[in-house]
Amino acid sequence: MNIENKFISIFDWFTFKRMRFIFISYTIILVLLAILPINSSGSAINNTYIISIRLDYLLHFAIFLPWIFLLWKVTGVSYKSNFYKTVLYVLLGLAFAAATEMIQYFLPYRAFNINDMIANGLGMLIGSVFFLI
């Protein structure tokens, strides 16, 4: 193995470690956003509309867009290399998106909202489609 290949393999290792750290951190942040008491019903986010859509729903949609992309970067799986794992990851992402909203049903200081869950799922699905292209 020459020095260039050693450098590339070390670079790949650091890139993998960094992507795994980013993915885990991002997942933890999403869980914290779901369980911490940071958004009350009278919040400005709930009362702001963009093109007749609540800003809250747009934010739910947007924060789930990159999750599946980060998962694919960490695992190295793409729909071209393994279709079944790709489908499994999309289903895992949808379950995670639903779980982050459903956990709020059991928290007295948070409110479960089916529209938030739909926005989470749409963000995950559109993110999947976007990054598959």
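1. Ile 38 sits in the loop that runs between α1 and β1, where helices (H or I, at least four residues) and strands (E, at least two) are DSSP runs numbered from the N terminus. With a relative accessible area of 54%, Ile 38 is exposed; the classes are buried under 20%, exposed over 50% and partly exposed in between, with a 1.4 Å probe and protein chains only. Leaving aside neighbours within four places in sequence, Ile 38 is in contact with Leu 33 and Arg 110, contact being heavy atoms within 4.5 Å. Arg 110 is 72 residues away from Ile 38 along the chain, yet their C-alpha atoms are separated by 8.7 Å.

2. The model is a predicted one, in which local features need pLDDT of at least 70 and side-chain atom pairs count only at pLDDT 80 or more, while totals for chains, interfaces and linings use all residues. Residues are numbered from 1 along each chain as its sequence is written, and side-chain values use heavy atoms, with hydrogens and water left out. The mean pLDDT of the chain (the predictor's confidence in each residue, from 0 to 100) is 81, and 79% of the residues reach 70 or more. Confidence is lowest in strand β1, residues 49–50, where the mean is 64, and it is highest in α4, at 91.

3. On the overall architecture, the chain has 5 helices and 2 strands, and from the N terminus on these elements follow the order α-β-β-α-α-α-α. Of its 133 residues, 31% count as buried. Among the contacts with a separation of 6 or more, 68% come from residues 24 or more positions apart. The accessible surface of the chain comes to about 8800 Å², and carbon and sulfur atoms hold 74% of that area, the areas coming from the Shrake-Rupley method with a 1.4 Å probe and, for residues, only the protein chains shown as cover.

4. Aromatic pairs deserve a separate paragraph. Rings of Phe, Tyr and Trp (its six-membered ring) pair if their centres lie within 6.5 Å, with planes under 30 degrees apart counted as stacked, over 60 as edge-to-face and the rest as tilted; by this rule the count comes to 6 aromatic pairs. The rings of Phe 23 and Trp 67 have centres 5.4 Å apart and planes at 50°, so this pair is tilted. Since Phe 23 belongs to helix α1 (residues 3–35) and Trp 67 to helix α3 (residues 67–75), the pair ties together parts that are 44 residues apart in sequence. Both Phe 23 and Trp 67 are buried. For Phe 83 and Tyr 84, the centres are 5.7 Å apart and the planes stand at 75°, so the pair is edge-to-face, and both of these residues are exposed. Phe 23, Phe 64, Trp 67 and Phe 96 form one aromatic cluster.

5. Helix α3 has Trp 67, Ile 68, Leu 70, Leu 71, Trp 72 and Val 74 as its buried residues, and just after this helix Gly 76 takes a positive phi of about 75°. Thr 86, placed in helix α4, counts as buried at 4% relative accessibility. Not counting residues up to four places away in sequence, Thr 86 touches Trp 72, Val 77, Ser 78, Tyr 79 and Leu 132.

6. Helix α5 (residues 114–132) holds Asp 116, which is buried at a relative accessible area of 6%. Apart from neighbours within four places in sequence, Asp 116 is in contact with Asp 56, Tyr 57, His 60 and Glu 101. Gly 127, also found in helix α5, counts as buried at 0% relative accessibility. With neighbours within four places in sequence again left aside, Gly 127 is in contact with Leu 65, Ile 68 and Leu 122. Gly 127 and Ile 63 are 64 residues apart in sequence and 9.9 Å apart in space, C-alpha to C-alpha.

7. Phe 106, found in the loop between α4 (83–102) and α5, is exposed at a relative accessible area of 64%.
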